[in-house]
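Trainee: Could you take me through this structure with questions and answers, beginning with the packing in its interior?

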Amino acid sequence: MTAAASAPLIALAGIERVFRLGDSEVHALRRVDIDIAAGEYVAIMGPSGSGKSTLLNLLGLLDRPDAGTYRLAGRDVTTLSADEQARVRSERIGFVFQSFHLVPRLSAAENIALPMTLAGIAPAERAARVAQALRDYGLENRADHRPDQLSGGQRQRVAIARATIMQPAVILADEPTGNLDRATGDEVVRLLETLNAQGVTLIVVTHDAALGGRARRQLRMEDGSLQHDSARA
Amino acid sequence: MRLPDLIRFARDAAGGAPLRTGLLVLAMSIGVAAVVILTALGDGARRYVMNEFSSLGSNLVIVLPGRSQTGGFNPGNAVTSTPRDLTIADAQALLRAPAVRRLAPLVVGTSEISFGGRLRQVMVAGTTAEYIEVRSLKLAQGRFLAHGDWGRGVAEAVIGARIRDELFGVEPALGRLVRIGDRRFRVVGVMAASGQGLGMNTDELVIVPAALAQAMFNTNTLFRILVEATGREAIEPAKRQIAEIVRLRHDGEEDVTVITQDAVLATFDRLLGTLTLGVAGIAAISLAVAGILVMNVMLVSVTQRTAEIGLLKALGASAGTIRTAFLAEAAMLSLAGALLGYGLGQAGAAIIRQLYPAFPAWPPDWAVIAGLATALLTGILFGVLPARRAARLDPVQALSRR
């Protein structure tokens, strides 16, 4: 990474996010300060409405804070333009969603290639990287299948392959096992943990205590505030 | 995003909703087909009229009694009035003009022709032997009116092909005596069938000597004098000389209108060209309607693909990329519709040409190009709003939609 070894990969300082619903203001996040180092495995937990999804969206640059700064690899990304943020998402962040979010009309291989297609990477390199990803995730004979022809576990593996195809620094997983049964869920979690073991920073949002407990660091959110950080406890 | 990827992405997206895509392409193709077919009809009418006027004869200068105020020709001042007659003697005097090769006076009226108990209304043209050459007409049988003194005339008639068929059937017509009005004429010739014709169709015309026609209709004036100039470049001199001769003969008053075939042609060309343009404009309205449909369909598409747009943003697509993708889709659908419509329109025009071989229903190039361009332009123009809406979607909200 470009930043000095001592600087955290992710540094949130005084992050506030306020939603206005009619006349009332809802503080989704109140003065959140979190540092996450490169290669960490973090679980963000808490009841629904606690602000954990909002935090994940902010970390993924899908949303902007109302106050505070977010430094990613030493660079202040809160002040970037929308297009620059899109560039950062493309190069540094991989998303894994609860409901997979595969494009139904595209094959597994095309879904995996989508971030590279959007980034304008040459077709030859795309093909090589997709072939490697299909091998890595055991999807070789599912390459031409569309999402509706895949099982839940296969869909999430396609989604993870897509999230990692741009070799991001951070993977943000929002309830990655929420739509899967226990066995497939475990398989998917092991896959994510393998990625983490290879050096990718893994941030998982979940309200599943078992899943959260596997992470090396737990952040507990409540009512928009960080209630508990196992790294500081 | 690379261009081939963009095109493939837009194609797949369009293919993902076949009914919507099909309807849109159909609407756009109907618009373009309407432009192609209607302009083919309009321009076909123009060419048809041009052909008909060209077949009147060559290097024609037409003299009308009476003076119209305007310099050019328009159909309104073809009907003129004057207190002074344009006489056969005037016509004969015009032969002195050096730029005139030959000419034929023309008297026109309607009368009845009867033979063997059969009777019908006919158009009677009184003229001279030169008429057939000035108008470049063809005879089927017999001979045309005899050369001779224009002021007198032998009671001979040349009849049109249709009159011959109706009056004589299979019997020979030449040499028979027919009654026209209250006079008897001997049929000396039959005109060749000319098929279609504007105004005076020689198929239903009876041609008699000018002097006898004047007597029949109790008039001294001529309807027209058809003058053939010695050449194309002699048309303008002929026009001037004719005007001068008539002015001298009419006590210094210019009381005739001299028009050239070219002027008539140019006027009709303009008139019918404008008509074609108007028809094309009307057809273009259907293209605008198709454009609104493009917008509607694309807006529905944006709504249905909200989650996908959110995903694309999460995967690093910029607003510009998403805008371009949706615009490309709208443009591709419009292009497909335009090409299909072009094919349909050309097929329609070909069918019209098959059904009416005399009618040259070819769409003009400018209309085809304008139609295709308008289709593409409206498609893209009306695609801008949905594309912008897609690009502006908030990714968080878009992703939470299922």
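Trainee: Which residues is A:I171 in contact with, once its neighbours within four places in sequence are left aside?
Mentor: Bear in mind throughout that this is a predicted model. A:I171 is one of the residues with the most contacts inside the largest nonpolar core. Leaving aside its neighbours within four places in sequence, the residues in contact with A:I171 are A:G94, A:V96, A:A163, A:T164, A:L192, A:L195, A:V200 and A:L202.

Trainee: Which element gives the most residues to the largest nonpolar core?
Mentor: That core has 128 residues, and those with the most contacts inside it are A:I44, A:I171, B:V32 and B:V35. Another core lies apart from it, with 60 residues, among them B:L145, B:I159, B:V206 and B:I235.

Trainee: In what order do the strands of the six-stranded open sheet of chain A run?
Mentor: The pairing in this sheet is mixed, and its edge strands, each of which pairs on one side only, are β6 (93-96) and β10 (225-229) of chain A. From one strand to the next, the twist averages 20 degrees. The order of the six strands in chain A is β6-β7-β8-β3-β9-β10.

Trainee: Within that sheet, which residue of β8(A) is the bridge partner of A:A43?
Mentor: Strand β3 (residues 41-45) of chain A and strand β8 (residues 201-205) of chain A pair in the parallel sense, and four bridges join them. The bridge partner of A:A43 in β8(A) is A:V204.

Trainee: At about what angle to β6(A) does helix α5 of chain A run?
Mentor: Helix α5 comprises residues 152-164 of chain A, and it lies across β6 and β7 (170-174) of that chain. Its angle to β6(A) is about 170 degrees.

Trainee: Which residue of β4(A) is the bridge partner of A:A11?
Mentor: Chain A also has an open sheet of four strands, with antiparallel pairing and the order β2-β1-β4-β5, in which β2 (24-36) and β5 (75-76) are the edge strands. Strand β1 (residues 10-21) of chain A runs antiparallel to strand β4 (residues 67-72) of chain A, and five bridges join the two. In β4(A), the bridge partner of A:A11 is A:R71.

Trainee: Is A:F100 buried or exposed?
Mentor: A:F100 is found in the loop between β6 and α3 (108-119) of chain A, and its phi is near 65 degrees, a positive value in a residue other than glycine. Most residues other than glycine have a negative phi. Because A:F100 has 22 C-beta neighbours inside 10 Å, and 20 or more are needed for the class, A:F100 counts as buried.

Trainee: And is B:D251 buried or exposed?
Mentor: B:D251 lies in the loop between α7 (235-249) and β10 (256-260) of chain B, and its phi, near 55 degrees, is likewise positive in a residue other than glycine. Since 8 C-beta neighbours lie inside 10 Å, and the exposed class takes 12 or fewer, B:D251 counts as exposed.

Trainee: Which element of chain B gives the most to the side that touches chain A?
Mentor: In the contact between the chains, 22 residues of chain B meet 22 residues of chain A. The elements giving two or more residues to this side of chain B are α1 (3-15), α9 (306-314), α10 (319-355) and α12 (395-400), and the residues of the side divide into 11 nonpolar, five polar and six charged. With six residues, the element that gives the most is α9(B).

Definitions and conventions. Residues numbered from 1 in each chain as written. Chains lettered and ligands numbered in written order. Predicted model: local features only at pLDDT ≥ 70, side-chain atom pairs only at ≥ 80, totals over all residues. Contact = placed C-beta atoms within 7 Å. Nonpolar A, V, L, I, M, F, W, Y, C, P; charged D, E, K, R; others polar. Pairing = 2+ DSSP bridges. Axes fitted to C-alpha atoms, helices over the stretch in contact; angles between N-to-C directions. Core = buried A, V, L, I, M, F, W, Y, C linked by C-beta atoms within 7 Å.
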